[in-house]
Amino acid sequence: MVVLAASIVTKPGKVLLSRQFVDMSRIRIEGLLAAFPKLVGTGKQHTYVETENVRYVYQPIEHLYLLLVTNKQSNILEDLETLRLLSKLVPEYSMSLDEEGICRTAFELIFAFDEVISLGHKENVTVSQVKQYCEMESHEEKLHKLVMQSKINETKDLMKRKANEIDKSKIEKVRGDKGGFMSMQSMGSGRIESGFNDMSISSNGSGFGSGSGFGMTTDVDSYSSKPKGRPAASATAPPKGLGMKLGKIQKTNQFLESLKAEGEVILEDLPPKAGVSRTISPPTDPITLNAEEKLNVTLRRDGGLSNFDVQGTLSLQILNQEDAHIQVQIESGGNPGILFKTHPNMNRELFANENILGLKDPSRPFPTGQASDAGGVGLLRWRMQSADESMVPLTINCWPSVSGNETYVSIEYEASSMFDMRNVVILVPLPALREAPQVRQIDGEWRYDSRHSILEWSILFIDNSNRSGSMEFVVPPADSDAFFPINVQFTAASTFSELKVLNILPLKGGPSPKFSQRTQLITENYQVI
C-alpha cells in the first residue's frame with residue numbers, strides 16, 4: 001500500500017490542507033485534488049473512486065471530505081483502516097469541523113497525519129499513541145528555555161538598575177541647581193510652568209507657597225520619583241553625562257532585539273494598553289441566538305428511571321446598536337411536556353399568542369455588545385420532566401460477574417434514534433488496582449485513570465451506524481457495587497424542545513438583519529446508580 005497524499009477538502013472542492021507522503025510536484029497534487037469533486041458520488045458513507053492512475057478513498061465529515069489519494073495497487077482494506085484512524089484524529093485536534101476550525105489547527109493535523117503514515121505506509125498506532133507522540137516534551141528544549149529566560153531576567157534587572165541611577169542623577173541635578181526654577185522658566189514654555197503649578201496644587205493645595213527653592217524642590221521630587229523617570233526627563237534638559245547612560249540601555253535593548261530575532265519571547269514590563277484584552281473572539285453575525293439544554297438523568301442499574309429533567313435556555317447576543325430594536329419569532333416542536341417561561345421584561349401575551357419574543361416596551365432596545373455573560377441576554381427558559389424511559393437518549397447496562405480469581409465486567413450501551421451524539425464518554429469506577437484492567441473487547445477507545453481509579457470509555461460519534469456497542473474487561477475479584485455509579489457525558493446538536501428561530505422582525509422597518517442560531521444539548525448530571 002502506498003498513500004500518495006492525505007487531504008481535507010470542502011464539498012465544492014476547496015483544499016483546506018494536504019500532506020504528501022511521496023515525492024510529487026505541487027502541480028500534480030493540485031490537479032488530482034481539483035479532479036476529485038467531479039468524480040465523487042452521493043449517498044455513501046465510505047466509498048472510493050478510481051481513475052486511470054490513482055484511487056480516491058474518502059469519507060464525509062459533516063461539510064468536508066477526508067480524502068486519501070493512493071495508487072491503484074494499494075490494499076483497499078488497509079486504505080479504509082487508515083482512513084478510519086485519520087477520521088478519529090481530526091475531531092481530536094479540531095474542535096469545530098468546518099473550514100475555520102480545520103485551518104486553525106492545520107499544522108497539528110499534519111503532524112498527526114505524519115505519525116499515522118510514513119513514506120506512504122500506515123504505522124501500527126492508535127489514537128492515544130498519536131496524541132502522546134505529538135505532545136512529547138524535550139528536556140533539552142526546556143533547559144535551553146530556562147537558560148535564555150535567566151539571561152533575559154538578568155538583562156531586565158540591569159535595565160531597572162540603570163533606570164534608577166538615571167532617576168537619582170536627575171533628582172540630584174535638580175536639587176543642586178540653585179536657579180532651578182528660573183532655568184526651567186527660561187527653557188520651557190508656559191505649558192511647563194502651568195504643569196508645575198498643577199503639580200504644586202495637587203501636592204499641598206497652596207501653590208508654590210512662599211516661592212522658596214525648597215518648596216519647588218519638593219514638588220520636583222514627587223514628580224521625578226515615578227517609575228523610569230519619564231516625566232522628569234520631559235520637564236528639564238538632561239545633563240551631558242546622562243547621554244552615555246542612555247546609550248548603555250540602548251545596547252541592552254539591542255541585546256533583547258537580538259534575542260527576539262532568534263525566536264525568543266521577551267516579556268517586557270510595559271503598562272497595559274487601553275482597549276487591548278485577550279478575550280474570546282466575538283461572533284461574526286450581527287445577531288446570534290443560543291439554544292442550550294442541560295440534561296439531568298438518573299438510571300437504576302436493574303432497569304427503570306429515577307429522574308429525568310431537562311432545563312433549557314434561549315439567549316440573545318447583538319453586536320450593533322442599530323440592530324437592537326427587534327423581535328424574535330420562534331417555533332417549538334409542540335411537545336406538551338415542556339413548560340416555557342419568558343423573561344420578566346418580555347411581552348408574555350405576544351409570546352403566548354404568536355410565538356414572538358419581544359420587550360414589553362417596544363421603544364427600548366435589547367442590550368448590545370460583549371456583555372460579561374458570554375451567553376448573552378436570556379430571553380426564554382423551559383423545563384421538561386418525565387417518567388417515560390423511552391425519552392432517555394442513552395441507556396447503560398453493566399453486568400459484573402466473579403469467576404475464580406477474576407471479575408468479568410460486560411458493559412453495553414444502547415442509543416435512541418432521537419439524537420446523534422458526539423464526544424461520548426462513559427466513566428466506570430473501579431476498585432483500587434495495581435495495574436490497568438485487561439480490556440478484552442471494546443467498541444471505541446479506552447483510557448485508565450489510575451489516580452482516580454476510573455476506566456474511561458470514549459466513543460467519538462454515535463449515529464445510525466453504531467446505535468449500540470459493548471465493552472468487556474477483567475479485574476481482580478470485586479463487589480458489584482464497586483462499579484457504580486457510572487457517569488455519562490455527551491453532547492448533541494439537537495434538543496428535546498426542537499426550538500427553532502424562524503425570523504428576526506425589525507421594529508424600525510427595513511430588511512431583517514442576518515442572524516445565526518446555535519443549538520446544543522449537554523449532560524449536566526447523567527448517572528447509572
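In what order do the 4 strands of the open sheet lie? In this predicted model, the order is β14-β15-β20-β17, and the pairing is antiparallel. Find the two ends of that order in the structure: β14 (394-403) and β17 (438-442) stand at the edges. Each has a single partner strand, so one side of each is left without a neighbour in the sheet. If you compare neighbouring strands here, they are turned by 15° against each other on average, direction ignored.

Now move to β15 and β20. Strand β15 covers residues 406-415 and strand β20 covers residues 468-475; the two run antiparallel and are joined by 8 bridges. To see a pair of residues facing each other, pick out valine 409, which stands opposite phenylalanine 473 in β20.

Next, let us visit another strand, β8, which spans residues 287-299 and holds asparagine 296. Is asparagine 296 buried or exposed? Its relative accessible area is 13%, and buried means under 20%, so asparagine 296 counts as buried. Leaving aside residues up to four places away in sequence, asparagine 296 touches Asn307, Phe308, Asp309, Glu524 and Asn525.

Finally, take a look at the cysteines. How many disulfides does a search of the whole structure find? The search finds 0.

Technical notes: Residues are numbered from 1 along each chain as its sequence is written. This is a predicted model: local features need pLDDT of at least 70, side-chain atom pairs count only at pLDDT 80 or more; totals for chains, interfaces and linings use all residues. Side-chain values use heavy atoms; hydrogens and water are left out. Two strands pair if DSSP finds at least two bridges between them. Axes are lines fitted to C-alpha atoms, for helices over the stretch in contact, and angles run from 0 to 180 degrees between N-to-C directions. Buried means under 20% relative accessible area, exposed over 50%, partly exposed in between (1.4 Å probe, protein chains only). Contact means heavy atoms within 4.5 Å. A disulfide is a pair of cysteine sulfur atoms within 2.5 Å.
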